[in-house]
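Visitor: I'd like to learn how to read this one. Could you walk me through it?

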Amino acid sequence: MLEGLKRLFTSRSSSGSRRWDAVSTWAETRQWAFRGVRDHDGFVVEGRFRGKRPWRLEWGPSQRPYIVGAELRLRSECGLPPDLQALVMGRELQQRLEKQVFDQYVEGVQTRIDDQTPPEMRWLVMFPRLTGLELGDLREHYVAMASAKPWLMQWLAGPLGERLAAAPGGDTPFVLMAARGRLTLRVAQPDPDNAALEAWLALFEVAVHEAQRAGVEIFGAEAMAAPRPPQA
């Protein structure tokens, strides 16, 4: 009986791991940690940018109502000031969420936005946005807003702006945000193929590097904290 149970659990484990064979190989060849989670409904990959800045990649069921199905999440503790809040969002998603905010809180029965509302929706009405002139080539596909506009403009200038301009656009829900000292990227990703993971991770690495650069330039090196592993 004991041997039978061993074979049963081994079979289940092998079956689940085979689902992510391509992803686990992609991660392990780069010396990143990989593990499947949630009864094989998703996986986690962890590594460090340039051997220093820790990051965490998650793929699985969406944690936001505006993304249907599966999503890709990337997070990194960037040492940014904890009170800095910033948001870059696809323009199609921004228009959809603003309509939801209007319908729910203006024409609906609620009179204020509470803490149960995702910060992405709250920030749409809280923070000043970059103008089309300030966004430059990004203005057709993105909106951007922050509690510290000078930092936001520095962040999007140069390599990050170029990466965003070249990123897959269209109607795909996309959010890049800074809060509590960390950066988070969310994007709808029905199929976690290696090429897509590689592309979004490359964009996120630039976002992290540029966030630190802009942080030093705007807030000073003393205000930037040491790197910490991203929290689950």
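Visitor: Which residues does E120 touch, not counting residues up to four places away in sequence?
Guide: Contact means heavy atoms within 4.5 Å. With that in hand, E120 touches R64, Y66, L87, M89, V175, M177 and R186. Keep in mind that this is a predicted model, where local features need pLDDT of at least 70, side-chain atom pairs count only at pLDDT 80 or more, and totals for chains, interfaces and linings use all residues. Residues are numbered from 1 along each chain as its sequence is written, and side-chain values use heavy atoms, with hydrogens and water left out.

Visitor: Where is E120 found?
Guide: Look in helix α4, residues 119-126. Helices (H or I, at least four residues) and strands (E, at least two) are DSSP runs, numbered from the N terminus. The protein has eight helices and eight strands.

Visitor: Is E120 buried or exposed?
Guide: Buried means under 20% relative accessible area, exposed over 50%, and partly exposed in between (1.4 Å probe, protein chains only). E120 is at 0% relative accessibility, so this residue counts as buried. Across the protein, buried residues make up 46% of the 232 residues.

Visitor: What joins the side chains of E120 and Y66?
Guide: A polar contact of 2.6 Å. The term stands for a pair of N or O atoms within 3.5 Å; within protein, one must be able to donate a hydrogen and the other to accept it, and residues adjacent in sequence count only if both atoms are side-chain atoms.

Visitor: How many aromatic pairs does the structure hold?
Guide: There are 12 aromatic pairs. Rings of Phe, Tyr and Trp (its six-membered ring) pair if their centres lie within 6.5 Å; planes under 30 degrees apart count as stacked, over 60 as edge-to-face and the rest as tilted. Take F43 and W59: their ring centres are 5.8 Å apart and the planes sit at 20 degrees, so this pair is stacked. F43 lies in strand β2 (residues 42-49) and W59 in strand β3 (residues 53-61), 16 residues apart, so to speak linking distant parts of the chain. F43 is buried at 1% relative accessibility, and W59 is buried too, at 6%.

Visitor: Why is the pair of F174 and W200 stacked?
Guide: Because the ring centres are 5.5 Å apart and the planes are at 20 degrees. This pair joins F174 in strand β7 (residues 174-179) to W200 in helix α8 (residues 194-219), 26 residues apart.

Visitor: Which residues do ring pairs link into a cluster?
Guide: The cluster holds W26, W32, F49, W55 and F204.
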